[in-house]
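User: Hi! Could you walk me through this fold?
Analyst: Happy to, let's have a look together.

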Amino acid sequence: MITCSAPAKVYLFGEHAVVYNESAICCAINIRTRVNIEYSENIVINSSLGTTGIDYEIHPYVSAVVEKIRKKSPYRGVSISIESDIPVGSGLGSSAAVVVATICAFNNLLKLGMDKESIASFGHSIEKEIQGAASATDTYVSTMGGTIAIPRRRHLKNPLCNLVIGNTNVFSSTGQLVAKVASLKNIYPEVITPILSTIGKTSLRGERLLENEDYRALGELMNVNQGLLEAIGVGCDELSRLIHSSRAAGAFGAKITGAGGGGCMLALADNENSDTISREIKNVGGIPIITGVTDSGVRVDFDNE
């Protein structure tokens, strides 16, 4: 059996704008998905969603990896078991993590010789196939780890403070929200295009603030980015409650992370008030997670093949 794992991700800046090649800053965080794989007579995929064979309704991403790998390197069957601490549809990159962890597991089981760049690229092609449109950011960051400036793929200094995530527990469809922004941009290009460009500029300024470890200013800029995301229609009442309660509890800044419309928000916090922010998120109906950035991207955790 081989076990590979890959981390979730959060956006400090730039979601939605990154789809249009604007700048973003994305961090891998200490919440992971683990994929166990071993040879079997048939294709079996097991997760908290159920046990299936190839099934694009229940396990679309893993099913796509299984079929694509089979064309590259034929095999009889495999049993795949998925365990994840990343909530699905939350904006934390659950699909990217399961995709790159599954590819990594196959890479080691079948001795495919793929490097991390290849895993990230292959992972993006899977996400794009399933979602219809997808940024390469999620799979790249989950593969590489750390804090990365997109699209240049420049590694930045990790923030040396806590990240407090608040999950609304409201399902969010990345594909639908990306399509919603695209439609708005189509109808009002002279209004929406400058907003997306300005979101990209917050990311560029944020790079300098990260390097200088100026987390108070970084938080202020996150708040600006949140206002721009609201303007393109990807906010919701549940996210707003968590964001404003986090700011009131002393966060440097707080904003949506991911597609919006539900899912999660992110607060930048110093170590002293992280627990207070977490309690306030819980008090207004959110599910809090205190975490931090990890340099460990996709990795092999166990291999007895």
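**Strands and helices**

Analyst: Let's start with strand S1 (residues 2–13), which pairs with S2 in the antiparallel sense over 11 bridges. Two strands pair if DSSP finds at least two bridges between them. This is a predicted model, so local features need pLDDT of at least 70, side-chain atom pairs count only at pLDDT 80 or more, and totals for chains, interfaces and linings use all residues. Residues are numbered from 1 along each chain as its sequence is written, and side-chain values use heavy atoms, leaving out hydrogens and water.

User: Which residue of S2 is the bridge partner of Ala8?
Analyst: That is Ile29.

User: And how many residues of S2 are buried?
Analyst: 12 of the 16 residues in S2 (residues 24–39) are buried, so the strand is mostly covered. Buried means under 20% relative accessible area, exposed over 50%, and partly exposed in between (1.4 Å probe, protein chains only).

User: What about S2 and S5?
Analyst: S2 and strand S5 (residues 78–84) run antiparallel, joined by 7 bridges. Arg34 has Glu83 as its bridge partner in S5. S2 also pairs with S6 (residues 147–150), antiparallel over 4 bridges, where Ala24 stands opposite Ile150.

User: Switching to helices: how do H1 and H2 cross?
Analyst: The axes of H1 (residues 60–72) and H2 (residues 94–109) come within 9 Å and cross at roughly 30°. Axes are lines fitted to C-alpha atoms, for helices over the stretch in contact, and angles run from 0 to 180 degrees between N-to-C directions. The two helices are therefore roughly parallel (angles under 35 degrees).

User: Which residues of H1 make the contact?
Analyst: Tyr61, Val62, Val65, Val66 and Ile69 do, facing a set from H2 that includes Val98, Ile103 and Phe106. Contact means heavy atoms within 4.5 Å.

User: Back to strands. What is the order in the open sheet?
Analyst: The 4 strands are ordered S9-S10-S8-S11, with antiparallel pairing. S9 (253–257) and S11 (287–291) are at the edges with a single partner strand each, so one side of each has no neighbour in the sheet. On average, neighbouring strands are turned by 25° against each other, direction ignored.

User: Which helix packs on that sheet?
Analyst: Helix H7 (residues 215–231) does, touching S9 and S10 (264–269), and its direction makes about 45° with that of S9. As for the terms, helices (H or I, at least four residues) and strands (E, at least two) are DSSP runs, numbered from the N terminus.

Definitions and conventions. Angles under 35 degrees count as roughly parallel, over 145 as roughly antiparallel, 65 to 115 as roughly perpendicular and the rest as oblique.
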